[in-house]
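Me: Please take a close look at one part of this model, the contacts between its pieces. Describe what makes them up, and then what lies around them.

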Amino acid sequence: MMKALGNFKDSFLWYSFKRDKIAIISLLVLVLLVLIAVFAPLVAPYNPYDPETIDIMNSEIPPVWDEAGEGAFLLGTDSQGRDMLSTMIYGMRVSIIIGLGAVALQAFLGVLIGLFAGYHGGRLDSFFMRAADVQLSFSYLMVAIFMSAVLQALVGVARFGDIAVPFLILVIGFSQWPQYARTVRASVLAERNKEYVEAARVAGFTSTRIILKQIFPNTLSPILVLSTIQVANAVMSEAALSFLGLGMPIDRPSLGSLINSGFEFIFSGAWWITALPGLLLVILVLSINMLGDFLRDVFNPKLYKG
Amino acid sequence: MSGVLLSVKNLYKHFDISGGMLDQIKFSRGKFHRKKTLVKAVNNISFELEAGETFSVVGESGCGKSTLGRTIMGLYPPNAGEIRYRGDRIDSLDHKQLLPYRKKMQMVFQDPYASLNPRKTIQQALEDPLRYHSPQLNNGEVKDRIDEVMLQVGSDPQWISRMPHEFSGGQRQRISIARALIIDPEFIVADEPISALDVSIQAQILNLMMDLQQQRNLAYLFIAHDLSVVEHLSDRVGVMYLGTMCELSETGILFEQPRHPYTQALMSAIPKLEGGASSHTRLKGEVPTPINLPRGCVFHGRCPYVNRRCIDEVPQLCTLDDGRQVACHGVEEGRI
Amino acid sequence: MSKLLEVKDLVIKFALRTGEVTATNGVSFTLNKGERLGLVGESGAGKSVTGFSIINLISKPGYIASGEVDFLGENLAKVSDERMRSIRGNRISMIFQDPMMTLNPVLTIGTQMTETLHQHNPNMSKEEARNIALDKLCKVYIPSPEKRLAQYPHEFSGGMRQRIIIAIALLTGPELIIADEPTTALDVTIQAEIMELLMELCETEDMGLLLITHDLAVVGQVTQNIAVMYAGSVVEKGLTAQVIANPQHPYSQGLIAALPQSSKHGERLNQIPGMMPTLKDIPPGCAFNPRCSHVMDICKTETPCLRLGENGNLVACHLYPESE
């Protein structure tokens, strides 16, 4: 363990990280946000899921720095009288869970398909890559809208709230696997003909073993880079779906549905209900994307900065 | 134990490089045709290799020598012909049936930087094949075997927890050899094992290979383009040109007096240490592509002794009085 | 004979993140007009860096720390970039190991050749440039050069490409050609042809050749003088025939003895133990001392300067008495 730590301290990754201010700041912001999200019940002043703490009389109170603000609600309240700060923290938690869950699903499907299609080639490869092309030529929003409409009709709007999280994970996860499959396939094609793979074949290992134990570890760095970007994308997709009213219901809001719920009040002067969760979403996605850019530059220095 | 270890008979290996169905369809003379483009890498190769012997295959790049080695190792399935190991056919076995032969036949590769998995420690690289082939060994026995092989290839057993990038090319090549040796094979295909190394390191690896051969009675199929190395190391040599074997003989007589015109040109091109103006035989033209093989003798386009028969008829290997085999009409007819 | 190129005490350093390393440590050699010099050494000995530094092509963290590169009386280590551009590719040409490094894959050979000419002489007419290009292609024995001018690099074989590179190097009638491992990627039969061609051209065009290679046999065949490099220093230099027949420095001795040609068939080769140190950890004293069989106490502390060995070779080794 100590040796691994020592190795890391000598590594190029750590060396470049120490010299990249943007990466350091992004990581700090991201870690802070994730910690807040994880410990939401401890950090948040109120529990927005508990109807007893909500008083409709407190609705649309502006943030404290406004003249009409109240000390009890640091960032004001929304139209239902929920504390904005607490709602945003819980909303970010939901967003992050969906983002990570969706990426885990994408990665699992995409990596597995990419590895086997890339290594075996031939018909298997053609089939999955054409499937990926077809999938990418659909707008995932269209599919999501369709599926969510069907599901809401089937189980009813009330119960839809309970299954919204796994549903969003599934929709976003299934719609994005081709990204992983293509990336992994490309690096498998590069690794497949290297001599260490031939040496493993000469040693008599089965192809499944070679794929998982020899080739897979060598595709990890592109997977890592892609994953950071995909988490940011998944968080945004979730926000987009929720904003359209197809995602998280308003009583268990994610950042996207918060933005949506405040949108109708923006012209009545209660800008904060939309703007603050929007800002948090931007900060969250930006810090993930900046880290992703940094990792991409380190692992693939030949790539041009876009 | 001696006797024939490996015998290869009329081996062919062609690669289809025409891509998918759509790429293969060609339009000509008002019709669509499905046309395959084949690289004819190995054509009608036959030879035998005895236990404990070093048989070298030399030739220039693209002559099919590496493909030959890989086909013998079962990395590519042959298109036609037979490969026998101690009399058993091994060219059309499935994965399971091949396993016992994998234990006996191993391979050492050219590029010491690509032949070790960059994400595996040396220990993992050595341990995996050993445990796979001998699952009955306990941890202590595995460790003993790894230590023993590391010492044998002249590496420090303490190094096994390191990653490949911590080693120089020569050390990596030692570890590659250790990986091949760990399951105790009796036959090793060595594909240009020293051509990526520096001169002083080359000598170390060659010495190591010769020592190991003595200790373990290994047989080598040594694939190389460096003729001086081949001359030093091998018992017998086969010279390949464009996928075919043009001359096959004991090392001494081959280097003393090459008979095939291509072998002659090849030998004369070796730079001599003593210097002086080179007097190499110039070949006209260039090596044709293995996609469109010349008719008749593959060398006829560049051969100074070419005649009508060479253009029309493919020469077969025939044995001369001194035991060497030459595939040349000119030699057969006594013209050369 | 007059001096063409004189490299004096060249020190090249690389500023790496882990600190500064010395790539060459006081390299000196002289190349006379029309002469061929071989710079021999294993990878990492600093031979390529030396070659690149002559035409100021060392890539970034590397720089010339001290020393002179005297080309016909001009110190190339100090000249401006602009002046260097007028010398590089004009009076000094370079040939690399990989022809595709120099050739642009999307331009025809003809375009690349005439453009090189125009760069150095903007007033030249198209017709004139084409004629010169044709003439040089003939010089390197490219069959049907007229047709070849219109072709792209990928239509040529490796050997042909290297011939074209040589033709491009010849375009401006240079006085010096630096060839960095020009035949390492080629087959023996083609290597022999290319080397023969280079030798012949040096004679007919009266050019100097600095041949950088690891292959002693090639150097033996092509060059008159040789400098053997080890870990950033020249350890032995002199007439090629002398150095190869009677090497003085233990490293040159080991290098030659390690060749398979030097041992009897099937016998163990005379290997040099150990390996060349990386630039980061060159031992104090003589860099070769941990691998040397004649090592003495002085070798571990004092770096030997060049001194006269037998047969007039200059050797950097404490085994030989220092000349005054």
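Reply: Between chain C and chain B, the contact takes 32 residues from chain C and 34 residues from chain B, two residues being in contact if their C-beta atoms, placed from the backbone, lie within 7 Å. The model is predicted, so local features need pLDDT of at least 70 and side-chain atom pairs count only at pLDDT 80 or more, while totals for chains, interfaces and linings use all residues. Residues are numbered from 1 along each chain as its sequence is written, and chains are lettered from A and ligands numbered from 1 in the order in which they are written.

On the chain C side of this contact, two or more residues each come from helix H8 (188-205), helix H9 (216-222), helix H10 (240-245) and helix H11 (250-257) of chain C. Helices (H or I, at least four residues) and strands (E, at least two) are DSSP runs, numbered from the N terminus. The side of chain C that touches chain B divides into 14 nonpolar, 13 polar and 5 charged residues. Here Ala, Val, Leu, Ile, Met, Phe, Trp, Tyr, Cys and Pro count as nonpolar, Asp, Glu, Lys and Arg as charged, and the others, Gly among them, as polar.

H8(C) also takes part in a contact inside chain C. Chain C is assigned domain 1 (3-91 + 177-315) and domain 2 (101-171), with bounds that come from an automatic or database domain assignment. Taken over C-alpha atoms, the centres of these two domains are 30 Å apart. The contact between them joins 13 residues of domain 1 of chain C to 11 residues of domain 2 of chain C. On the domain 1 side H8(C) gives the most, with 7 residues, and that side has 9 nonpolar, 2 polar and 2 charged residues.

Chain B also touches chain A, with 20 residues of chain B in contact with 14 residues of chain A. On chain B, helix H3 (95-102), strand E8 (105-108) and helix H4 (122-133) each supply at least two residues. H3(B) gives the most, with 4 residues. By class, this side of chain B has 11 nonpolar, 5 polar and 4 charged residues.

Elsewhere in chain B, 4 strands form an open antiparallel sheet in the order E4-E1-E6-E7, where two strands pair if DSSP finds at least two bridges between them. Strand E4 (38-50) and strand E7 (88-89) of chain B each have a single partner strand, so each is an edge of the sheet with one side left without a neighbour. Strand E1 (residues 4-16) of chain B runs antiparallel to E4(B) and is joined to E4(B) by 9 bridges; B:Asp16 stands opposite B:Leu38 in E4(B).

Chain A has 13 helices and 0 strands. In chain A, the axes of helix H5 (residues 84-120) and helix H10 (residues 207-215) come within 11 Å and cross at roughly 120°. Axes are lines fitted to C-alpha atoms, for helices over the stretch in contact, and angles run from 0 to 180 degrees between N-to-C directions. H5(A) is therefore oblique to H10(A), since angles under 35 degrees count as roughly parallel, over 145 as roughly antiparallel, 65 to 115 as roughly perpendicular and the rest as oblique. A:Leu115, A:Phe116 and A:Tyr119 of H5(A) meet A:Ser207, A:Ile211 and A:Ile215 of H10(A). This contact has 5 nonpolar, 1 polar and no charged residues.
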